[in-house]
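Good morning, colleagues. Please turn to the sequence and the structure on the screen.

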Amino acid sequence: MGNIHTIQGELTIYTATAQLEECFSALTNGINILDFSGVHDLDSAALALILVCRREAERLQKPLQCINLPENLKNLAQLYGVENYIPT
């Protein structure tokens, strides 16, 4: 298993920018797994964060994996038709 960055707290439109900065920093420092076990509240901004992180990981030529996705996030991904773009 690779290096893990655990996303904590709220992941909504109100916190996505700060969370994204943390994720980008983690990716730049060799992290390749995003753990969503610490997320307690989310909206569609969480999907945007995953997709942007996926693009950044591809730019850095690093594999990315998302683990412990909450069920409501999985449901949102399915609703928006992007579940196949989430690297699990």
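Predicted model: local features only at pLDDT ≥ 70, side-chain atom pairs only at ≥ 80, totals over all residues.

Three strands form an open sheet in the order β1-β2-β3, and their pairing is parallel. The edge positions belong to β1, residues 4-11, and β3, residues 65-67; each has a single partner strand, so one side of each is left without a neighbour in the sheet. From one strand to the next, the twist averages 30 degrees. Strand β2 spans residues 33-42, and its parallel pairing with β3 runs over 3 bridges. Within this region, I33 stands opposite Q65 of β3.

Next, the helices that lie across these strands. Helix α1, residues 16-28, lies across β1 and β2, and runs at about 180 degrees to β1. Helix α2 lies across β1, β2 and β3, with a direction about 165 degrees from that of β2.

I turn now to the packing of one helix on another. Two packed helices are described by the angle between their axes and the distance between the axes. For α2 and α3, the angle is about 80 degrees and the axes are 10 Å apart. An angle from 65 to 115 degrees counts as roughly perpendicular, and α2 is therefore roughly perpendicular to α3. On the α2 side the contact is made by A46, L47 and I50, and on the α3 side by L73, L76, A77 and Y80. What classes of residue make up the contact of α2 with α3? The contact has 7 nonpolar residues, with no polar and no charged ones.

L47 lies in helix α2, which covers residues 45-59. Is L47 buried or exposed? Its relative accessible area is 6%, and the cut-off for buried is under 20%, so L47 counts as buried. Which residues does L47 touch, once neighbours within four places in sequence are set aside? They are L73, L76, A77, Y80, V82 and I86. As a point of reference elsewhere in the chain, E10 is 37 residues from L47 in sequence, and the two C-alpha atoms are 13 Å apart in space.

I come to the charged side chains. Side chains of opposite charge can pair when their charged atoms come close. How many salt bridges does the structure hold? There are 3.

Another salt bridge joins the side chains of R59 and E56, with an N to O distance of 2.8 Å. These two residues are 3 residues apart in helix α2, and so are separated by about one helical turn.

The remaining pair is E71 and K74, whose side chains meet in a salt bridge at 3.3 Å, N to O. Because they are 3 residues apart in helix α3, residues 71-80, about one helical turn separates E71 and K74. K74 is partly exposed, with a relative accessibility of 39%.

Q61 lies in the loop between α2 and β3. Its phi is near 55 degrees, a positive value in a residue other than glycine. Q61 counts as exposed, at 74% relative accessibility. N68 lies in the loop between β3 and α3. The phi of N68 is also near 55 degrees, again a positive value in a residue that is not glycine. With a relative accessibility of 46%, N68 counts as partly exposed.

To close, I return to the packing of the helices: α2 and α3 meet through A46, L47 and I50 on one side and L73, L76, A77 and Y80 on the other. Thank you for your attention.

Notes
Residues numbered from 1 in each chain as written. Heavy atoms only, no water. Helix = DSSP H or I, 4+ residues; strand = E, 2+ residues; numbered from the N terminus. Buried < 20%, exposed > 50% of the residue type's maximum accessible area, 1.4 Å probe, protein only. Contact = heavy atoms within 4.5 Å. Salt bridge = Lys/Arg side-chain N within 4 Å of Asp/Glu carboxyl O. Axes fitted to C-alpha atoms, helices over the stretch in contact; angles between N-to-C directions. Parallel < 35°, antiparallel > 145°, perpendicular 65-115°, else oblique. Nonpolar A, V, L, I, M, F, W, Y, C, P; charged D, E, K, R; others polar. Pairing = 2+ DSSP bridges.
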